[in-house]
Amino acid sequence: MSKEKFTQLPWRIEEFRDFISIMAGYSEICYIDDDLRCENVQANARLIAAAPDMYALLGRLEDYFQNRHIYGDGVDESVSSDLLREIKKVMKRAEGKMVELE
């Protein structure tokens with residue numbers, strides 16, 4: 001997996017009266033100034049904020065399955081369970097549910 005150059009801090013959503021801002025630390029990643037009452041605007045903001053976590057998780061999946069292919073190992077159930085748990089957390093975050101990420 002190549003190292004991407006996006007901001008590495010966790011991304012979060014900050015809602016203001018007229019716009020939504022996606023922040024990483026004190027830096028603004030982007031903002032959305034559409035009709036904030038629109039359901040898809042909120043969903044888009046959550047998806048953007050979850051993007052670095054999804055990217056990192058996909059990188060771990062890539063590494064896991066690449067190593068499994070190279071070494072010819074079967075599925076390690078404990079690793080599979082951990083990855084599945086993380087996948088569910090990231091998906092919940094993208095859906096706007098409060099989930100603590102490790």
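Ala24 touches Thr7, Leu9, Pro10, Trp11, Arg12 and Ile29, leaving aside residues up to four places away in sequence, where contact means heavy atoms within 4.5 Å. The model is predicted, so local features need pLDDT of at least 70 and side-chain atom pairs count only at pLDDT 80 or more, whereas totals for chains, interfaces and linings use all residues. Residues are numbered from 1 along each chain as its sequence is written, and side-chain values use heavy atoms, with hydrogens and water left out.

Ala24 also belongs to the largest nonpolar core, which has nine residues: Trp11, Ile20, Ile22, Ala24, Ile32, Leu36, Val41, Ala45 and Ala49. Such a core is a set of buried Ala, Val, Leu, Ile, Met, Phe, Trp, Tyr and Cys residues joined through side-chain atoms within 4.5 Å; buried means under 20% relative accessible area, exposed over 50%, and partly exposed in between, with a 1.4 Å probe and protein chains only. Strand 2 and helix 1 (39-71) each supply at least two residues of this core, helices (H or I, at least four residues) and strands (E, at least two) being DSSP runs numbered from the N terminus. Apart from this core lies another, of five residues, among them Leu57, Tyr64, Leu83 and Val90.

The strands form an open sheet of three, in the order 1-2-3 and with antiparallel pairing; two strands pair if DSSP finds at least two bridges between them. Strand 1 and strand 3 stand at the edges with a single partner strand each, so one side of each is left without a neighbour in the sheet. The twist averages 25° from one strand to the next, with axes taken as lines fitted to C-alpha atoms, for helices over the stretch in contact, and angles running from 0 to 180 degrees between N-to-C directions. Five bridges join strand 1 to strand 2, and five bridges join strand 2 to strand 3. A hairpin through four residues connects strand 1 to strand 2, while in the hairpin of strand 2 and strand 3, with two residues between the strands, Gly25 takes a positive phi near 65°.

Within strand 2, five of its five residues are buried: Ile20, Ile22 and Ala24 lie on one side, and Ser21 and Met23 on the other. Ser21 is buried, with a relative accessible area of 1%, and is the bridge partner of Glu14. The side chain of Ser21 makes a polar contact with that of Glu28 at 2.7 Å, a polar contact being a pair of N or O atoms within 3.5 Å, of which, within protein, one must be able to donate a hydrogen and the other to accept it, and residues adjacent in sequence count only if both atoms are side-chain atoms. Met23 is the bridge partner of Arg12, and Glu28 in strand 3 is the bridge partner of Met23.

Ser21 also touches Phe16 and Tyr31, among others, and Phe16, Phe19 and Tyr31 form one aromatic cluster. Rings of Phe, Tyr and Trp (its six-membered ring) pair if their centres lie within 6.5 Å, with planes under 30 degrees apart counted as stacked, over 60 as edge-to-face and the rest as tilted. The structure holds two aromatic pairs, as tabulated here.

| Pair | Centre to centre | Angle between planes | Type |
|---|---|---|---|
| Phe16 and Phe19 | 4.8 Å | 20° | stacked |
| Phe19 and Tyr31 | 6.1 Å | 75° | edge-to-face |

Phe16 is partly exposed at 39% relative accessibility, as is Phe19 at 29%, and Tyr31 is partly exposed with a relative accessible area of 49%.
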